[in-house]
Amino acid sequence: MYPRSVRQQALDRLASGATLSQVSRDLSISRASLRSWRDDEMRPVPARCPVCEQTSVPRAAYAALLGYYLGDGCLSAHPRYFSLRVSCDAAYPGIVEDVRRAIDTVRPHRRVFLVEAPGVVVVQAHWKHWPCLFPQHGPGRKHERPIVLEEWQREIVEEHPADFLRGLFHSDGSRVRNWTTRMVAGERKRYDYPRWQFTNVSDDIRGLCGWALDLVGVAWRPSNWKTLSVSRRADVARLDELIGPKR
């Protein structure tokens with residue numbers, strides 16, 4: 001018998017791409033035990049696919065997870081399942097937890113892995129039905145193929161635009177401080193003001209971000225070919241309220 005912590009360490013290593021032989025050698029665990037643990041972990045989940053079964057998905061959590069997927073997520077195919085991976089900046093543990101919680105809500109009862117690399121935490125979960133929930137999956141990078149939401153996805157975003165925006169801005173967005181100078185009573189004074197920016201090279205994903213901002217009444221404008229900005233003080237405050245800080 002091995003302690004639970006050792007089993008979890010081994011599963012994390014396997015999930016990050018290490019081979020059975022590597023983990024067996026490093027942790028002094030038999031390949032047979034590792035294979036059994038891995039097979040138990042990958043066994044089909046008890047939760048049914050809400051798309052295949054035409055049942056309801058947890059809508060707010062899904063809207064956020066869709067935003068995270070479009071921002072910094074991807075699906076990877078394996079022989080018996082797909083891996084959903086969302087890459088998060090390790091400097092923002094609150095965002096890592098938000099992604100983990102969204103995955104756990106959308107696809108409950110199975111393990112969510114946190115795979116750490118220098119400066120990055122990849123939140124990862126295995127399920128054969130991930131392409132059902134994210135039909136935007138396809139070969140190549142997202143900006144090289146059309147990204148169009150299904151009607152049921154649009155309905156969810158229309159109901160929960162703030163959650164969708166949180167996923168987008170907390171993955172591919174940033175809150176920065178801009179500055180300018182003005183002449184006041186003969187003196188040049190400096191003024192600082194906050195701004196939210198969303199940067200993504202996919203025209204379709206930027207379009208979805210602008211559409212969601214329109215849904216919540218937040219004014220925005222393109223800053224350059226790959227960035228849209230929310231700059232007016234009232235709109236920045238409104239977006240702060242809707243999506244919360246990056247932390």
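My entries follow, going from the whole chain to the details.

**Ground rules.** I am working on a predicted model, where local features need pLDDT of at least 70 and side-chain atom pairs count only at pLDDT 80 or more, while totals for chains, interfaces and linings use all residues. Numbering starts from 1 along each chain as its sequence is written, and side-chain values use heavy atoms, with hydrogens and water left out.

**Whole chain.** I looked up the elements and got 10 helices and 8 strands for the protein chain; these are DSSP runs numbered from the N terminus (helices H or I, at least four residues; strands E, at least two). Along the principal axes, the C-alpha atoms fill a box of roughly 80 × 40 × 30 Å. Of the 247 residues, 45% count as buried (under 20% relative accessible area; exposed is over 50%, partly exposed in between; 1.4 Å probe, protein chains only). Taking contacts as heavy atoms within 4.5 Å, I find that residues 24 or more positions apart account for 63% of those with a separation of 6 or more.

**Strands.** Next I checked S2 (residues 82-89) and its partners; pairing needs at least two DSSP bridges. S1 (residues 73-77) pairs with S2 in the antiparallel sense over 5 bridges, and a hairpin of 4 residues joins the two. Gly73 stands opposite Val86 in S2. S2 also runs antiparallel to S4 (residues 120-127), with 8 bridges between them. I noted Val121 in S4 as the bridge partner of Cys88.

**Rings.** How many aromatic pairs are there? I count 7, with rings of Phe, Tyr and Trp (its six-membered ring) pairing if their centres lie within 6.5 Å; planes under 30 degrees apart are stacked, over 60 edge-to-face, the rest tilted. Trp127 and Trp130 are edge-to-face, because their ring centres are 5.2 Å apart and their planes are at 90°. Both Trp127 and Trp130 are buried.

I then looked for charges over rings (NZ of Lys or CZ of Arg within 6 Å of the ring centre and within 35 degrees of the ring normal). The charged end of Lys142 sits over Tyr69, 5.1 Å from the ring centre. For Arg154 over Trp211, I get 4.2 Å.

**Helix H10.** Which residues of H10 (residues 233-243) are buried? They are Asp235, Val236, Leu239, Leu242 and Ile243. These cover an arc of only 125° around the axis, so they lie on the same side of H10; the arc is that of the directions from the helix axis to the C-beta atoms. The face turned away carries exposed Arg233, Ala234 and Glu241. Gly244 follows H10, with a positive phi near 75°.
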